[in-house]
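Please look over the sequence and the model below before reading on. The report that follows takes up aromatic rings, a helix pair and a sheet.

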Amino acid sequence: MALVELVMPKLGESIMEATILKWHKQPGDKIAADETVLEIATDKVDSEVPSTAEGVLEEILFQVNDVVPIGAVIAKIRTGAEDQSRPTPDPVENTHSGNGFAGNGVEEKAAPVQQEEYAYATAETGSTLKSSAVPGNRFYSPLVLNIAASEGINMTELENIPGSGNEGRVTKKDILAFVEQKKNGKSSVSAPTTVVAPETNNRQQESTAQQTTSGPVFSGSNEIIEMDRMRKLIAKHMVDSKRTSPHVTSFSEADVTNLVQWRERVKKPFEIREGEKITFTPLFIEAIVKCIKKYPLLNSSVEGETIVVKKDINIGMATALPNGNLIVPVIKNADLYNVVGLSKQVNNLANSARNGKLKPDDTSNGTFTFTNVGTFGSLMGTPIINQPQVAILAVGAIKKRAVVIETEQGDSIAIRHMMYLSMSYDHRIIDGSLGATFLTAVAKELENFNPERDF
């Protein structure tokens, strides 16, 4: 009999960890190859993890709500085991406190290892995140800092939490105990005393006291809504993106009358022949792909001081979920599809997103993102870059307007279908000239759409 390790699978190039949502199997249960063992969630999509071998689940190493790094062993399966009743598990100490952060959940009888020292390693590089230094003389592990950020613990509070670790370091147990005390209103940590010069007036003292007060204070009638897991992750990614990339947004306008009239003409025969509805999205993506081939730097990422130009053109399309959150499924190798192929890809991914059927691979390896803010009635928007990409393009609502058009007989005023385009890009490598040129090229591509073309 052999013992096979089940590891947290790689779920995309930018995903470093996943949260365990549910175990479908328990120690002692028989498992078939490829049978679902557990459900996990990342910042992008929920997914199922199948068994890599047939046998009996020997041991579970992480519990529900634990955050586990990619490549970590999460369970052990004994192969070739005879059918047997479920064994009684050995007594363990559950270190998980229902907080949703990384934690082994099981402390072995051997010498215990403090959870915050667990190395966050990737399956590809094996690199670890070392303890992070913060202002002051104390060091905090990434786990402790993540818990502090999620629970709204400021640095003043963190620096005053008594540490039980080596050299007084704050451990996972210490910060979770503080979080629990804070929720119960029993926090024993007090803000440091502020020394105020005698000439400082009372108003300055009150201002200083307000700055050191922990947690928001609400007055009047308010509804307090706790962010769900996905909203917290979206918020973190948006803030991280703004910190990482200096954003610049350019705007353009396109006369999409030919495109609108063409779609109106072909949508019924298209649905009859292909069994799919054709929306504007595949037509927009087609134009973006053509322009990326002309300006490949828009299809790149920044790695330190190195620019990585991607040869594959994988277009992410922002999709609204029923709960109001957004997810970005990716059309891989979008340049290899015609309009029919793009329509099928767009519809399949959008339906999977709305029905919660997306797989981890469906949201990974995007190289450029497109979002249609016009779906919600907006004329234009200033989208935030989807890291590690360097640009995101948004289109607004298509509106009929009276505009001046140039003809061989001279200028005239006509009713046309007009649309604004906006693109945010990483100013570290995309200058304003290139960003504006690319955006104008997309607008021209849409304006020059052939209304006589077939599908």
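How many aromatic pairs does a search of the whole structure find?

## Basis

This is a predicted model, in which local features need pLDDT of at least 70 and side-chain atom pairs count only at pLDDT 80 or more, while totals for chains, interfaces and linings use all residues. Residues are numbered from 1 along each chain as its sequence is written, and side-chain values use heavy atoms, with hydrogens and water left out.

## Aromatic pairs

The search finds six aromatic pairs, a pair being rings of Phe, Tyr and Trp (its six-membered ring) with centres within 6.5 Å. Tryptophan 262 and phenylalanine 449 have ring centres 5.2 Å apart and planes at 65°, so this pair is edge-to-face (planes over 60 degrees apart; under 30 is stacked and the rest tilted). The two residues lie 187 residues apart, tryptophan 262 in helix H6 (residues 257-274) and phenylalanine 449 in the segment after H9; helices are DSSP runs of H or I with at least four residues, and strands are runs of E with at least two.

## Helices H7 and H9

Helix H7 (residues 281-294) packs against helix H9 (residues 432-447) at an angle of about 135°, with the axes 9 Å apart. The two are therefore oblique to each other, a class left after under 35 degrees (roughly parallel), over 145 (roughly antiparallel) and 65 to 115 (roughly perpendicular).

## The open sheet

Four strands form an open antiparallel sheet in the order S1-S8-S6-S3, where pairing requires at least two DSSP bridges. Strands S1 (2-7) and S3 (30-31) stand at the edges, each with a single partner strand, so one side of each is left without a neighbour in the sheet. Two bridges join S3 to S6 (residues 55-60), and isoleucine 31 stands opposite glycine 55 in S6.

Technical notes. Axes are lines fitted to C-alpha atoms, for helices over the stretch in contact, and angles run from 0 to 180 degrees between N-to-C directions.
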